[in-house]
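Student: I would like a close look at a single part of this model.

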Amino acid sequence: MTTPEQPPRRPEPPRPVPPRPEFAVTPLRATPTDTTPKAVAVSLSAWVGSFVVLAGIAGAIALDLGAVRDALEASVAADNPGDSATDITDTVNLTLIGSGAIAVVLILLGLLGIQLLRARKPAGQITLAVVGVLSVAGGVGLWTLLSDAGDATAGVLQWAPLAYSALVAVGVLALFAPGVSPWLRRNR
């Protein structure tokens, strides 16, 4: 209360606001962007290149099928001298048909993995990794099976399965480069 001798108090002017301190927040991790990482492009290019090499192997075998069969039959006959000619021919036929069937299955699974990867699904990375391991093993196996017939195809069967395996390995390793997993996890 105020008394008659004291005039009413005037309100005090507001105090000036102190200056705000400057601060900066630095994230612990870089935020992923929507741009496709270069490692994904490298991986996809390596996979497509491996499919081209595999088609080249199939083409080389198809163009010189008689010579490839003869070379493989001679190799099997030398390893198993007691087998009949029919058994040797059946073994070569089974080897060629089985190799072709496995190659088709691996290509189809690889294409599925590529589609999943392009849709930014983490399952694409896993699918291509599993298919890649199987493809590298299949490429080395194809090289060991058909290397005896390498001279029949002008040497294509001596180096092409290894080139296929190397391209697949590059395609798989590129999928695990930094930045690929965060890119896959980021929702569109």
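In which helix does Val104 lie?

Tutor: Val104 lies in helix α3, residues 85-118. Helices are DSSP runs (H or I, at least four residues), numbered from the N terminus, and strands (E) need at least two. The model is predicted, so to speak of local features requires pLDDT of at least 70, and side-chain atom pairs count only at pLDDT 80 or more, while totals for chains, interfaces and linings use all residues. Residues are numbered from 1 along each chain as its sequence is written, and side-chain values use heavy atoms, without hydrogens and water.

Val104 has 47% relative accessibility, which means that Val104 counts as partly exposed (buried is under 20%, exposed over 50%, partly exposed in between, with a 1.4 Å probe and protein chains only). Together with Leu108 and Leu111, Val104 makes a nonpolar surface patch of about 270 Å² (residues over 30% relative accessible area and no salt bridge, nonpolar side chains joined within 5 Å, like charges within 9 Å).

Most residues other than glycine have a negative phi. Arg120 has a positive phi, near 60 degrees. With a relative accessible area of 5%, Arg120 is buried.

A further loop, between α4 and α5 (156-174), holds Ala154. Ala154 also has a positive phi, near 60 degrees, and is not a glycine. Ala154 counts as exposed, because its relative accessibility is 75%.

Conventions. Areas by Shrake-Rupley, 256 points an atom, 1.4 Å probe, with all protein chains shown as cover. Salt bridge = Lys/Arg side-chain N within 4 Å of Asp/Glu carboxyl O.
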